[in-house]
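Student: I'd like to go through this model with you, starting from the overall picture and then moving to a few local details. Could you put it up first?

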Amino acid sequence: MKTKTDILLTFLILISVYACKTQKYYVKEDGTIHVPAYVLPESSFLSDESKAIIKKQREEERKLFQEWSVVCPYPENPDEDEIMTHEVCKQEYFYKSPIYLNTQARYNVNVEIDTINGVYTEVFTPLEGIREENRDRVLINLHSGAFMYGSRTFSRVESIPIASMLGIKVISIDYRMGPKYQFPAASEDVTAVYKALLKTYKPENIGIYGYAAGGALTSQALAWFQKENLPLPGAVGIICMAAAEPRPKTDSMHMVSAILGYEGIAPFTFFEPYYGANPDFEDPLLVPLKSKKILSNFPPSLLIVSTRDFHLSSVVYTHTQLIKLGVEAELHVWEGLGHVFLANSELPESRDAYRVIVNFFNKHFN
């Protein structure tokens, strides 16, 4: 027979269970927060112009990817020639895309192909010529694309605005990527180009910046330079990714993944072709955030991210650690925008970000 205490305890348990099911959220003992489904409207801080551009971009990207899938389908078990044919097909379609054509129309630059220390590169210079103060300076771009794509495509929309606005030579490196190559192939390629540039430029007059995977590679390259006892560049831009592992268990990773329908996907799926099935995320050459010694030697660092980016937490945390170690670092966060928003030069926020990049390197070049 139940006592009054038993009945009271049962009642309290039922009330607790009901509360957990009906309240807006509840927190488990391990700190996991359970949140019900909710609607996430566009940020009120976005202008009507930006909202219209983002809507148009979604439609254009959907159309582009549909065309790619039909005209440039990825072959099953492709050999090297088939992979190259597929990449050339995608490049041709990319060059016809509004995002590329709009960037070309807004910023006037020359594009030349060069091989530097055995590595394929694209060299961007302003049509009106390199500014006098930048003749002994150079920027290296490390393109986005999850270490699987982005060369000769995304690399262009990342390099063209900066070369034009800063009046400087930008060299974009077509580094080796997965699945054919794995870490540290990209770091080795960046180092090969950097060594060659050191013969012409003072290290303090070389800057490196990268978006997304290119941002991660920027931090990895700094670690690799230290391993090789090379002088470090004058400044770097780590943009829309950071010195952390590719998909850590962070607030922004979980929240944005849930919003985009990626929740539950294995943490490293997108990066496995380059990082391998069992990467050593304790290796500071792969994850520089693991070494205070490496981080403390970073040159002045610019970090850029947005509130709807998977990597917001990683970028913010990387900035925090750099500041704690005494590294000069700037953090800029844009509201209401997604991953690599800077790729669309039509966005006013993107052009604001370009100005931040230009001013940062201008400030830190010798």
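Tutor: Before counting anything, note that helices here are DSSP runs of H or I with at least four residues, while strands are runs of E with at least two, numbered from the N terminus. Keep in mind as well that this is a predicted model.

Student: Switching topic: how many disulfides does the count come to?

Tutor: The count comes to one disulfide, formed by Cys72 and Cys89, whose sulfur atoms are 1.8 Å apart. Cys72 lies in the loop between H2 and helix H3 (80-94), whereas Cys89 is in helix H3, so the pair ties together parts that are 17 residues apart in sequence.

Student: Which hand does that disulfide have?

Tutor: The disulfide is left-handed, because the torsion about the S-S bond of Cys72 and Cys89 is about -70°.

Student: Are those two cysteines buried or exposed?

Tutor: Cys72 counts as buried at 6% relative accessibility, and Cys89 counts as buried at 17%, given that the cut-off for buried is under 20%. Cys240, for its part, has 0% relative accessibility and counts as buried too.

Student: Back to H2, then. Where does Trp68 sit, and what does it touch?

Tutor: Trp68 is placed in helix H2, which covers residues 48-71, and at 12% relative accessibility it counts as buried. Leaving aside residues up to four places away in sequence, Trp68 touches Pro73, Lys90, Tyr93 and Phe94. For Trp68 and Phe94, which are 26 residues apart along the chain, the C-alpha atoms are separated by 9.2 Å.

Student: One last thing, the strands. How do E3 and E4 run, and how many bridges join them?

Tutor: Strand E3 (residues 109-116) and strand E4 (residues 119-126) run antiparallel and are joined by eight bridges. Asp114, for instance, has Thr121 in E4 as its bridge partner.

Student: And what happens between the strands of that hairpin?

Tutor: The hairpin of E3 and E4 has two residues between its strands, and Asn117 takes a positive phi near 55° there.

Methods. Residues are numbered from 1 along each chain as its sequence is written. This is a predicted model: local features need pLDDT of at least 70, side-chain atom pairs count only at pLDDT 80 or more; totals for chains, interfaces and linings use all residues. Side-chain values use heavy atoms; hydrogens and water are left out. Buried means under 20% relative accessible area, exposed over 50%, partly exposed in between (1.4 Å probe, protein chains only). Contact means heavy atoms within 4.5 Å. Two strands pair if DSSP finds at least two bridges between them. A disulfide is a pair of cysteine sulfur atoms within 2.5 Å.
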